[in-house]
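This report describes one protein chain, from its overall architecture to individual residues. The sequence and the structure are shown first.

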Amino acid sequence: MRPLFLFILLCCIGLLGYAQYLQHVEGLLPCPLCVAQRVAYWMLGLTALMAFLHKPGVIGRRIYGFLLSAFALTGAVIAARHAWLIRFPESFECGISPEEAFLNSLPIAGWWPGMFEANGDCANIDWEFLTLTIPDWSLIAFAGLGILALYALLAKK
């Protein structure tokens, strides 16, 4: 099970690294929902790191599997909401919102603003690959990581 936890960790590192590339090299500003997804990836990655280092038994594996599943589900819900807002921007105004003010007031936004500070607009489409936007791809990633987390939770090994 340790290779599974390591794989989840490496996926989260890769996805967060690509988010940094898009922000700092391509100049895309993260919106509040992007930052919330980053937090979900961080929680997934840190939990996977703890599980990898801990080498848990059956009960520990199920606890880590549950936590990973919960973080993946949370991230998927946020990504789905974000993808929906991109398709129907008139239904929600995301500019300077209470969510943005809240996220930017958190200590992690001050500690690492390049990762956790929200400055973008949720409804902007600044990047696409194969006609899918960043939240679409993030939803796919959260779904895949969630399936792996469910495997860790439910496997009989």
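The model discussed here is predicted. Ile63 is located in helix H3, which covers residues 58-87. With a relative accessible area of 49%, Ile63 is partly exposed, since exposed residues are those over 50% and buried residues those under 20%.

Together with Ile59, Phe66 and Leu67, Ile63 makes a nonpolar surface patch of about 410 Å².

## Overall architecture

Seven helices and two strands make up the secondary structure of the protein. Read from the N terminus, the elements follow the order α-α-α-α-α-α-β-β-α. The protein has 157 residues, of which 41% count as buried.

## Annotated transmembrane regions

An unreviewed UniProt entry carries the annotation "transmembrane region" for residues 35-53, 65-84 and 137-154. In the predicted model, residues 35-53 are 100% helix and 0% strand, with the end C-alpha atoms 27 Å apart. Residues 137-154 are likewise 100% helix and 0% strand; here the end C-alpha atoms are separated by 26 Å.

## Helix H1

The buried residues of H1 include Leu4, Phe5, Ile8, Leu9 and Cys12. Further along H1, Leu16, Ala19, Gln20, Leu22 and Gln23 are buried as well. Leu6, also in helix H1, is instead partly exposed, because its relative accessible area is 30%. The C-alpha atom of Leu6 lies 9.8 Å from that of Met50, although the two residues are 44 residues apart along the chain.

## Aromatic pairs

How many aromatic pairs does a search of the whole structure find? The search finds three aromatic pairs, two of which are described here. A pair of aromatic rings is described by the distance of the centres and the angle of the planes.

One of the pairs is formed by Phe5 and Tyr64, with ring centres 6.3 Å apart and planes at 65°. This pair is edge-to-face, because an angle over 60 degrees falls in that class. Phe5 belongs to helix H1 and Tyr64 to helix H3, so that the pair links distant parts of the chain, 59 residues apart. Both partners are buried: Phe5 has a relative accessibility of 0%, and Tyr64 has one of 13%.

Another pair joins Tyr18 and Tyr21, whose ring centres are 5.7 Å apart. Their planes meet at 25°, so the pair is stacked, the cut-off for stacking being under 30 degrees. Both residues lie in helix H1, three residues apart, which is about one turn of the helix. Tyr18 is partly exposed, with a relative accessible area of 38%; Tyr21 also counts as partly exposed, at 35% relative accessibility.

## Backbone at Lys55

Where is Lys55 found? Lys55 is in the loop between helix H2 (32-54) and H3. Its phi is near 55°, a positive value in a residue other than glycine. Most residues other than glycine have a negative phi. Lys55 counts as exposed because its relative accessible area is 55%.

Methods: Residues are numbered from 1 along each chain as its sequence is written. This is a predicted model: local features need pLDDT of at least 70, side-chain atom pairs count only at pLDDT 80 or more; totals for chains, interfaces and linings use all residues. Side-chain values use heavy atoms; hydrogens and water are left out. UniProt positions are given in the numbering used here, feature names are shortened, and annotations may be inferred rather than shown by experiment. Helices (H or I, at least four residues) and strands (E, at least two) are DSSP runs, numbered from the N terminus. Patches are made of residues with over 30% relative accessible area and no salt bridge: like charges are joined within 9 Å, nonpolar side chains (Val, Leu, Ile, Met, Phe, Trp, Tyr) within 5 Å. Accessible areas come from the Shrake-Rupley method with a 1.4 Å probe; for residues, only the protein chains shown count as cover. A salt bridge is a side-chain nitrogen of Lys or Arg within 4 Å of a carboxyl oxygen of Asp or Glu. Buried means under 20% relative accessible area, exposed over 50%, partly exposed in between (1.4 Å probe, protein chains only). Rings of Phe, Tyr and Trp (its six-membered ring) pair if their centres lie within 6.5 Å; planes under 30 degrees apart count as stacked, over 60 as edge-to-face and the rest as tilted.
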